[in-house]
Amino acid sequence: MEIAALLTSAGINISICIVLLSLYSVLRKQPANYCVYFGRRLVCGGARRYDPFWYERFVPSPSWLVKAWETSEDELLAAAGLDAVVFLRMVIFSIRIFFITAVVCIAFVLPVNYYGQPRVHKEIHLESSEVFTIENLKEGSEWLWVHCLALYVITSAACLLLYFEYRTIAKLRLGHITGSAPKPSQFTVLIRAIPWHPEQSYSDTLSKFFTNYYSSSYLSHQMVYHNGIIQRLLHDAERMCLSLKHVSPEISCKPSLTPCNFCGGPTATNSFHILSNEGDSVKGMERGELTMTTTEQQERPAAFVFFKTRYDALIASEVLQTSNPMLWVSDLAPEPHDVYWTNLNIPYRQLWIRRIATLVGAVAFMFVFLIPVTFIQGLTQLEQLSHAFPFLRGILKKQFINQVITGYLPSVILILFFYAVPPLMMYFSALEGCISRSIRKNSACIKILYFTIWNVFFVNILSGSVIRQLNVFSSVRDIPAQLARAVPTQAGFFTTYCFTSGWASLACEIMQPMALIWNLGAKAISNNKDDSYETLRFPYHTEIPRLLLFGLLGFTNSVIAPLILPFLLIYFFLAYIVYRNQILNVYITKYESGGQYWPVFHNTTIFSLILTQIIALGFFGLKLSTVASGFTIPLILLTLLFSEYCRHRFAPIFHKHPAQVLIDMDRADEMAGKMEELHKKLHSVYSQIPLHLQKSSSKGECSTTPFATQELPDHEKLKPEERDAIAKELWGFQGNESCQEHDTKSCPSTSSPEHLTPKMIELHKRN
C-alpha cells in the first residue's frame, strides 16, 4: 500500500473526528440532550437547571476534556466501580508501553528499515509502505541487532509494567472485598441441581439437607421460581408506569364520544382512567387474580442458601457436597443486581451440552466470516487482482479513487460487518447458562476477543498471502517464517484499520449517534417535553477486545513495521479522555465483576509479546542472522516464565476469596453488632419478585448532591447576568457523586413532587 493511500485514509478519519467532537461539544450543552450525554449524572444527582440563552451554548469548547482529565482515580472508583478503574488502567498501561515502544522504534528501527538497502528514494507520499518495514533490509544485514535489542527493551518494559499493574489491581480487588459495605453475596451460596423427591418439595429437601450437614452455620434459604409470566407482567407494568409519568395534564381523562369508523355509532375515546386512590385499583378483581403470584409460581431445583458468616458460605461453595458431582452443585452467589434469573431455570445437566453447542456455533461463525474478510483483502490487493481481472485496471488509473478503495474502504467494510458480532456472542454466552450478568459479559468479551484476533489479524494475513500467491503454512516449522513474510505486507491495512476502528469509533462513541437519534425521535413522536431515558452500561465486552487488538497490532508491528506506532499512541491518548468522560457522565454501574477483566488483558498481552517474538524469530531466520535468532529464543522462555509467575502470584486472587480476609470481616461485624441486621436483610434482597421498591445499599449508591435539594431562585426575577452565572455553574456539574444502580429510569425531575415541573405537580395532585 502506498503512503498516499494511508494519508488519504488518515485525512478522512481526522476530518470525521474533528466534526464529531465539535458537534459533541455543542450538543452536550443543549437541554434537550441531557438524557443522552449526562445519563449517569441525571440518575445520581437529580440537578434541575433553567434554560437561559447564552452564546457559549452554540460554540464548541474543550471544557469537557479538562473535566475528564482532572477527575482522580478515587473519584472514578466511587462513581463507577472497580471495573471502570481497571479498564482505564488498561488504557494507561497501553499509553505507557507504546510510548516507550514508539520512542525506541521510531528513533532507531525505522531509519534502519528505511535505509536498509541502497536505492533512490522517492518523495515520502509516493513511497510504498513496505519501504518502512524490515523487508527493506538485505539478507545478512549487520543492522539486525538493532531490532533484536529493541525487542528486548519492549519485552522488558512490558513485563515490568504488567507486574506493577497486576500488583496494584490485586490490591484494589482486595480493597473491593474488604473496604465496601457488607455484600449479601458474601453470605450466600447458589445451590443448583437439587434432587427431586416425590414426597416433598425442593424447599423441604434443601432444608433437610443443610439442617443435617450444616446445622451450625445454615441460616435460611430462598427458592428460585419459574415465574416468567409474572416477571413479564411486572416489566410491562413498570414500563407503563414510566409512560404515564409523562402524560400531559391537558389530556382529558374524561370519556368522550366520537363516531365509529365502521358503524357510525358513538365510541369512547379515552384509553385509561386515573383512579382516585389505590384501593380502587383492586376493587372488583376476583380473588383468584390477587393470588396469581402464588398459584403460578413453581419451584425450580435451585435456591439461594444463606449462612451465618462469610467464611461458612465460602466453605460451602468450595467443597463437593455429595459423591455425585452433578447434584447439589454449589457456587458463591452473585450480587442481587447481577443475578441472571432466566438461566437459573436451566437444568444443570444441560449446561455442558449448551457449552459445546455454543462453542461449535462460535467456531462456525468464525469460518463464515472468512468470506467478507477475504473480499476486504481483495480490495487492498487490487493491483495483484488486476492481472486476473483486467477490468480493474481502469479503476487503478484514477489515483484518488484507487487510494480511497485500497486505503479507506476495506477497514470501513470490515467494521460494518463486525457490528453483528457482539450481539451474537452475547447471545451465545447467555445460552451457556451463566448465573450472572457480569459472567455473561466476561464470557462474551473473551469470545469477541478470540473472534477479533482471528479474523482481523490471522485471517487477513492468510487471505492476503493467498492473493499474493505466497506459500501458505505447509508445516508447523514454517509458521514463524510465513508470518514474518506476511505481516509486513499487511502493515498498511492494519494502519488504516487503526484510523477507522480506532479514531473514528471513539468519535462515534462520544457522540452517541443512535441514542441521540432515539432521543430526538421519541420527543418528536410522543410530543414529550420531559426527559425520559434508558440508562446505559459500559460495553466492556466490545471495548476491551478492541483495546487488546490494537495492542496486538502494535506489538507485532513494532520491530517489523513501526510506522503504525504514532497512530496507535494517538488512539490510546484519545481513548483515555473519551472513556473517562463517558464513564463519568453517561454509563452507570448496575453490576460489576470485581476486576475480572484484568487477567484477560494480562494473558492476551503476554500472548501478543510471545507472538511478536516468534514473528521476529522467523524474520531473523529469513535474513540469515543466526546471532539475533539465538538471542530471541531465551527471550521467549523468559516471557513464559514471567507469565507463569504472575499466574501463581496474582491470578488466584481474582478467582477465590481469601479466608483470612473473610474471617477478619466476620469478627469485625460481630464485635460491632451488625450480624443480626445483616441476617435480616438477606432473604429480601434475593427476592425474585419484589413487592416494593428497595433502595440500593451497595457502594454504588448515589450520594446527595448540592443540586438535588437546593431551591433555585425564580428564573423570571433574576437578572440576565445572574441567570448566565447560575446556568454556567450548573452546566459544570461540579458535584462529586456516585451512581445508584438502576436498569431503566425516568429523569429524576419526575421522581418526587418537589422535583416536578408545574404541570407534573398539578397532575400529581389529581392522583
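D312 touches S217 and F307 when residues up to four places away in sequence are not counted, a contact being heavy atoms within 4.5 Å. This is a predicted model, in which local features need pLDDT of at least 70 and side-chain atom pairs count only at pLDDT 80 or more, while totals for chains, interfaces and linings use all residues. Residues are numbered from 1 along each chain as its sequence is written, and side-chain values use heavy atoms, with hydrogens and water left out.

D312 itself lies in helix α12, which covers residues 310-318. Its relative accessibility is 22%, and therefore D312 counts as partly exposed (buried means under 20% relative accessible area, exposed over 50%, and partly exposed in between, with a 1.4 Å probe and protein chains only). Between D312 and T188 there are 9.4 Å from C-alpha to C-alpha, although the two are 124 residues apart in sequence.

Elsewhere, helix α6 (residues 82-114) and helix α24 (residues 565-585) have axes that come within 9 Å and cross at roughly 160°. Because of that angle, α6 is roughly antiparallel to α24, a term used for angles over 145 degrees. The residues of this contact between α6 and α24 comprise 20 nonpolar, two polar and one charged (Ala, Val, Leu, Ile, Met, Phe, Trp, Tyr, Cys and Pro count as nonpolar, Asp, Glu, Lys and Arg as charged, and the others, Gly among them, as polar).

Over the chain as a whole, there are 31 helices and 10 strands (DSSP runs of H or I with at least four residues, and of E with at least two, numbered from the N terminus), and 51% of the 767 residues count as buried.

Terms used:
Axes fitted to C-alpha atoms, helices over the stretch in contact; angles between N-to-C directions. Parallel < 35°, antiparallel > 145°, perpendicular 65-115°, else oblique.
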